[in-house]
Amino acid sequence: MASTIVLVSDTHLSRARPFFQFNWEIFLQAVQANPPDLVLAGGDMALNAPSHPDDLAYAREQLDRLPCPWAMVPGNHDVGNNPPPPETVDTRGETTVSQALIDHYRATIGPDFWARDIDAWRIIGLDSLLCGSGLPAEAEQASFLESAMAEVGKRPVALCFHKPVFRDALGEADIFQGVWYPQARRLIRPHLDSGRVRLVLSGHTHEGRDETHGPTRHVWMPSLAFVTDMLGEWRPNLRGRRRVGWLRLKLGDEIEIVREEPDELLTTDISGWMRSGSIRLYEAFTGHRRFPGLPNDPGH
Ligand SMILES: [Fe+2]
């Protein structure tokens, strides 16, 4: 019988600012009542580790409450975001990935890229935030991926990382921080083109989506914590479902995915924090900065 994997992402947990703890508790109860063989966490488990490192330590404590093994890939709120390509003007103002943040992640959670065989499948977890960083770990990850794919044999492969590969198509040239930058896709493109990757799992957008492109099913995990612009008033249409929840996955000959959205969950919409296109309000309420409008607010 195929193993069951619960996919949870973007939990945005914090001891200091526990805005989204309630949904985590509901999730824990559900997992404890019906434990899977593995919980796979898609990143942004911390609320804002680059500005508040204890958030990641707290996320680790929460993951350790799970009644089963777990694995995690890092998100931009765990290790910092990808540096924007040089030809773009970055208006978002988010902390970018650094060696210190990677070191903190590895010390707190474990490896940021890894491979794990489950039944007939191989799952390869990658750190999509390393792409374009120029850090030594970026080259190490590329070598690791080549080795992990070279030894895979006939196993079907699932890749898991924080950011979706693309918005509309693998070959798109648009630069959009919600997905992998076009240049970065060179890391995984040969493996996607080869047809050996049957499944790609990602988080980050806080939208659930399930589309098959070529030989590969691309599944966007929903956030457990919050959505942005549920009404579709200003955020680009990504064809995703703006609801909080998680997924149950079975990897056998077929890929079975069930969406879990229990009535108990609170769906929070943080539109107001994000509408400006800057991360400033998110940073003010989650990070080390003072709240906006107060003395010493660096935005004033
Ligand atoms: Fe994210």
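Where is D229 found? I looked there first. D229 is in the loop between β10 (226-227) and β11 (246-251). Strands here are DSSP runs of E, at least two residues; helices are runs of H or I, at least four residues; both are numbered from the N terminus.

**Ground rules.** I am working on a predicted model, where local features need pLDDT of at least 70, side-chain atom pairs count only at pLDDT 80 or more, and totals for chains, interfaces and linings use all residues. Residues are numbered from 1 along each chain as its sequence is written, and side-chain values use heavy atoms, with hydrogens and water left out.

**Positive phi.** I checked the backbone of D229 next. Its phi is near 60°, a positive value in a residue other than glycine. Most residues other than glycine have a negative phi. D229 is buried, at a relative accessible area of 1%. Buried means under 20% relative accessible area, exposed over 50%, partly exposed in between (1.4 Å probe, protein chains only).

I then turned to H206. H206 is not a glycine, yet has a positive phi of about 60°. The loop between β7 and β8 holds H206. H206 is buried too, with a relative accessible area of 5%.

**Six-stranded sheet.** I traced the strand order as β4-β5-β6-β7-β9-β8, an open sheet with mixed pairing. Two strands pair if DSSP finds at least two bridges between them. At the edges stand β4 and β8 (209-213), each with a single partner strand, so one side of each lacks a neighbour in the sheet. Neighbouring strands are turned by 20° against each other on average, direction ignored. Axes are lines fitted to C-alpha atoms, for helices over the stretch in contact; angles run from 0 to 180 degrees between N-to-C directions.

**Strand β5.** Is β5 buried or exposed? Five of the five residues of β5 (residues 121-125) are buried, so the strand is largely enclosed by the rest of the structure. W121, I123 and G125 point one way, R122 and I124 the other.

I followed its partners. β4 (residues 114-118) runs antiparallel to β5, joined by five bridges. W114 has G125 as its bridge partner. The hairpin of β4 and β5 has two residues between the strands, and D119 takes a positive phi near 50° there. With β6 (residues 157-160), β5 pairs in the parallel sense over four bridges. I123 stands opposite A158 in β6; G125 stands opposite C160.

α5 packs on this sheet, touching β4, β5, β6 and β7 (197-202), and its direction makes about 180° with that of β5. Contact means heavy atoms within 4.5 Å. β5, α5 (residues 136-150) and β6 form a right-handed β-α-β unit. Right-handed means that, with the strands pointing away from the viewer, the path from the first strand over the helix to the second runs clockwise.

**Five-stranded sheet.** I read the order as β3-β2-β1-β11-β12, open, with mixed pairing. β3 (70-72) and β12 (255-260) are the edge strands, each pairing on one side only. β2 (residues 38-41) and β3 pair in the parallel sense over three bridges. A41 has M72 as its bridge partner in β3.

**Helix pair.** Last, I looked up α2 (residues 54-63) and α4 (residues 99-108). They pack at an angle of about 25°, with axes 10 Å apart. α2 and α4 are therefore roughly parallel (angles under 35 degrees; over 145 is roughly antiparallel, 65 to 115 roughly perpendicular, the rest oblique). L56, A57 and R60 of α2 make the contact with H104, Y105 and T108 of α4.
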